[in-house]
Structure formats: C-alpha cells, structure tokens
Amino acid sequence: MVDLNAPVWKTLYSAGNDAEKWLGRLLSGEAEFREVMEILGEDLSHQLSWYSATAYVLPHLAVFCKKLSPEERMFLVGQIGPAIAAAESENGLPPDTEDFRELQEGLDGLRPLVQDLIRNHQDTLDAAGPEEQQMFALGALAVLGNRRHAYDLFLLSAYCWEEGHAACACGWNNECFPLGEKPGCLKPAGIAPWDGQSLADEAVWFSGLLSRFGDEEILPVLPLVYGTGTCPECGKEEPYWTWLDRFMKDY
Ligand SMILES: [Zn+2]
C-alpha cells in the first residue's frame with residue numbers, strides 16, 4: 001500500500017486526475033460516505049477506461065472497507081466494480097509492474113470481504129434496491145470471478161444486455177448479435193442451482209446471486225453468454241465469450 005503523501009500519486013491518472021483527493025476525503029471520514037464513494041468510483045471508471053490510480057486506491061479501499069457496515073461494504077463493492085473490471089480494457093495490465101502488484105494487493109484484501117457479504121449477509125444484500133443489487137453482483141464478479149467477463153457485462157449494459165457482439169475467426173461477425181432473441185446458433189449453458197454458499201463455479205453463483213435479487217435484465221441472457229456458439233458460416237463451435245472478445249479485439 002502506497003502512502004497518500006507519496007510522490008507517485010502525482011504521476012497517476014484518473015478521469016479527473018484527483019483520485020487521491022477523493023480517497024483522502026473518504027478515509028478521513030469527514031465527508032458523506034456514499035457521496036464520496038460514488039464520485040471516486042466514477043473518477044476511476046469513466047467510460048469504462050483503465051486509470052492507473054485505481055491500482056493504488058484499491059489497497060486503501062480494502063483496509064477501509066473492513067471498518068464499514070455490511071450495507072456500506074455492499075455499496076463500496078458496487079461502486080468500485082467497473083474500475084476493477086476496466087483493468088481488462090485493451091490488453092489487461094502487464095504483470096511484473098508496480099501497478100499490477102497494487103491491484104493484486106487490493107483484490108486480495110477485498111476478496112474475503114466480498115465472500116463474507118455473499119455468504120453471511122444475505123439479509124443486507126436482499127434489503128438493497130435493485131440497482132444497487134445489480135451493481136454489487138457485477139462488482140462481486142469483478143473481484144471474485146473472471147474479470148474479463150465482468151468487463152464484458154459492463155460493456156453490454158449499454159445495450160441493456162439485449163444485444164451483444166460476435167465474431168468467428170473465419171470472418172463471420174455480427175455487431176448487433178440479438179442475445180435477447182435467443183439466436184439459434186447459440187446453445188445455452190445449463191446452469192445448476194446455487195446453494196447460496198459455494199463460490200467455486202462462477203456461472204452458478206453469479207446466476208444464483210442475480211436470481212436471489214430477482215434480476216430480470218442480466219439473468220435471462222446468462223445461459224447464452226456462458227453458452228456455446230456454432231458459427232453460421234463455417235460451423236466451428238466456440239464459447240460465446242470467445243466470440244464476444246474476438247469482436248471487441250478485431251472490429
Ligand atoms: Zn466461422
């Protein structure tokens with residue numbers, strides 16, 4: 001964890017280039033928690049871009065989070081989720097960098113807190129509003145699951161998860177791939193019910209969590225995004241995630 005007064009903060013960037021100012025206010029407790037947390041989250045995830053300050057903010061947030069109530073922890077995870085997922089924009093962070101080490105330290109600190117919220121604070125999670133629940137579920141996916149999947153789902157939020165993108169290596173591609181219409185070339189994954197505790201299978205717990213929240217936006221397309229596509233042109237079978245990532249990379 002890098003001290004807030006260290007010179008490196010002057011070299012880090014965020015959307016407003018003032019992440020350390022907001023982090024300082026948050027940690028000092030002098031400002032309203034939700035208000036400042038929302039500003040900091042937006043400062044670090046504007047347009048779902050990666051900002052170097054995110055990596056250095058996370059270890060501080062992980063320590064700070066321990067002092068919060070379960071309600072506040074849930075809010076924090078929802079607000080910082082997009083910034084964490086944005087580490088997968090472009091080609092991801094190169095390992096063996098200080099940025100990467102800070103990011104890992106932050107995630108190592110946040111992981112047990114998110115696991116605890118999901119396993120032991122069901123009432124708190126259930127009592128939150130639908131938007132906060134959805135943000136928490138996506139944030140939990142960014143912390144506990146495949147960060148690239150979280151990044152993709154944040155991107156698809158722009159289409160309300162009704163449309164995705166798809167591309168096969170043979171050249172076939174579809175910019176407006178109609179997930180909401182359950183296209184015939186995509187075989188849905190069978191996602192088993194969740195026991196409310198195990199976090200071993202991402203599709204199972206993520207889908208189970210959204211199901212508990214009564215989500216009607218992301219949940220219906222999850223069997224498809226975790227499903228298998230058969231290319232309409234060449235017949236090659238691939239996970240839908242592969243189609244989606246190829247489109248983002250190549251088109
Ligand atoms: Zn193909």
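Two strands pair if DSSP finds at least two bridges between them. In this predicted model, strand S1, residues 164–167, and strand S2, residues 173–177, meet that condition with 3 bridges, and their pairing is antiparallel.

The burial of S1 can be read face by face. In a regular strand the side chains alternate between the two faces of the sheet. On one side of S1 are Gly 164 and Ala 166, and on the other are His 165 and Ala 167. These four residues are all buried, so both faces of S1 are covered, where buried stands for 20 or more other C-beta atoms within 10 Å of the residue's own.

Cys 160 is not a glycine, yet its phi is positive, at about 55°. Trp 161, likewise a residue other than glycine, has a positive phi near 60°.

Are Cys 160 and Trp 161 buried or exposed? Cys 160 counts as exposed because it has 11 C-beta neighbours inside 10 Å, and the cut-off for that class is 12 or fewer. Trp 161 counts as buried because it has 20 C-beta neighbours inside 10 Å, and the cut-off there is 20 or more.

The last stop is helix H7, which spans residues 130–144 and includes Pro 130. Pro 130 has 12 C-beta neighbours inside 10 Å and therefore counts as exposed. How far apart are the C-alpha atoms of Pro 130 and Asp 215? The separation between these two C-alpha atoms is 7.4 Å, although Pro 130 and Asp 215 are 85 residues apart along the chain.

Conventions: Residues numbered from 1 in each chain as written. Predicted model: local features only at pLDDT ≥ 70, side-chain atom pairs only at ≥ 80, totals over all residues. Helix = DSSP H or I, 4+ residues; strand = E, 2+ residues; numbered from the N terminus.
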